[in-house]
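Take a moment with the sequence and the fold before reading on. The text below walks through them step by step.

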Amino acid sequence: MSDGGAWRGNIRARLYERVRERGYDSLTAFAEARPAVPLYVLADELGKDDVAAVQVFSGLLAEAERRKQVTRLVRDVLVRELAESLPEGWPAVMDDANRFKVAEALGSWFAYTPETHRERADQVMAALRATPPPPGWRPLGPDDELLLALLPDEEV
């Protein structure tokens, strides 16, 4: 993407054309078929040289807003960020290296979190620090029991 190809032309049309080429009627359906896959990987699948992760997220957010499922998307993005930074699951030992990996996952997630959900995201991060999940915990989707408990489907 160094030539800026992701930002040329009609981004939304390009995303939906690529999604339909792969047999899906929405970006959400495409993403849900790939649970726990990082956003940048989804972007690469749709167009390595002309689709960016933030564009995929923007499309997913627009769809989630229409369906009134933004909280579910926020959990989904957390799952994707955890999978990217902690592929072996939640660390058993919280040494400096693992603290960095956790911070990287949570920081990236927070960066994608819409303003409407930032306060709740702060609460989730505080809860995960205060009472860490069991070692090896690796949510596989937005309906993970622990994530649902931390961030229930109440739209704000």
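The model is a predicted one.

Start with helix α1, which spans residues 11-21. Which of its residues are buried? They are Arg-14, Leu-15, Tyr-16, Arg-18 and Val-19. An α-helix has 3.6 residues a turn, so residues three or four places apart point the same way. The cover over the buried residues of α1 includes α2 (27-32), α3 (39-47) and α4 (53-67). After α1 comes Gly-23. The phi of Gly-23 is positive, near 90°.

Now turn to α3 and its partners. The axes of α3 and α4 come within 8 Å. They cross at roughly 95°. Angles of 65 to 115 degrees count as roughly perpendicular, so α3 and α4 are roughly perpendicular to each other. On the α3 side, the contact uses Leu-39, Tyr-40, Leu-42, Ala-43 and Leu-46. On the α4 side, Ala-53, Val-56, Phe-57 and Leu-60 meet them. By class, the contact of α3 with α4 has nine nonpolar residues, no polar ones and no charged ones.

Helix α3 also packs against helix α5, residues 70-85. Here the angle is about 95°, and the axes are 9 Å apart. This pair, α3 and α5, is therefore roughly perpendicular too. Leu-39, Tyr-40 and Leu-42 of α3 make the contact with Val-77, Arg-80, Glu-81 and Glu-84 of α5. What classes do the residues of the contact of α3 with α5 divide into? Four are nonpolar, none is polar and three are charged.

Next, look further along the chain. Leu-151 lies in the segment after α8 (145-150). Is Leu-151 buried or exposed? Its relative accessible area is 4%. The cut-off for buried is under 20%, so Leu-151 is buried. Leu-151 touches Thr-71, Val-74, Arg-75, Trp-109, Arg-120 and Val-124, leaving out residues up to four places away in sequence. Take Val-124 from that list. Leu-151 and Val-124 are 27 residues apart in sequence, yet 7.0 Å apart in space, C-alpha to C-alpha.

Then there are the cavities. The count is two cavities of 30 Å³ or more. The largest cavity has a volume of about 100 Å³. Its lining includes Thr-28, Ala-31 and Glu-32, along with Leu-60, Ala-64 and Arg-67. Pro-142 is also one of the lining residues. Helices α2, α4 and α5 each supply at least two residues of this lining. By class, the lining of the largest cavity has five nonpolar, two polar and four charged residues.

The second largest cavity has a volume of about 30 Å³. Among its lining residues are Leu-82, Ala-83, Leu-86, Trp-90 and Trp-137. Its lining divides into six nonpolar residues, one polar and one charged.

Finish with two residues in loops. Ala-36 is in the loop between α2 and α3. It is not a glycine, but its phi is positive, about 65°. Ala-36 counts as buried, at 10% relative accessibility. Lys-68 is in the loop between α4 and α5. Its phi is near 60°, again a positive value in a residue other than glycine. Is Lys-68 buried or exposed? Its relative accessibility is 63%. Exposed means over 50%, so Lys-68 counts as exposed.

Terms used: Residues numbered from 1 in each chain as written. Predicted model: local features only at pLDDT ≥ 70, side-chain atom pairs only at ≥ 80, totals over all residues. Heavy atoms only, no water. Buried < 20%, exposed > 50% of the residue type's maximum accessible area, 1.4 Å probe, protein only. Helix = DSSP H or I, 4+ residues; strand = E, 2+ residues; numbered from the N terminus. Contact = heavy atoms within 4.5 Å. Axes fitted to C-alpha atoms, helices over the stretch in contact; angles between N-to-C directions. Parallel < 35°, antiparallel > 145°, perpendicular 65-115°, else oblique. Nonpolar A, V, L, I, M, F, W, Y, C, P; charged D, E, K, R; others polar. 1 Å grid on protein atoms, 1.4 Å probe; cavity = no way out; pocket = protein on both sides within 12 Å on 5 of 7 lines; lining within 4 Å. Points joined across faces, edges and corners; volume = space filled by probe spheres on them.
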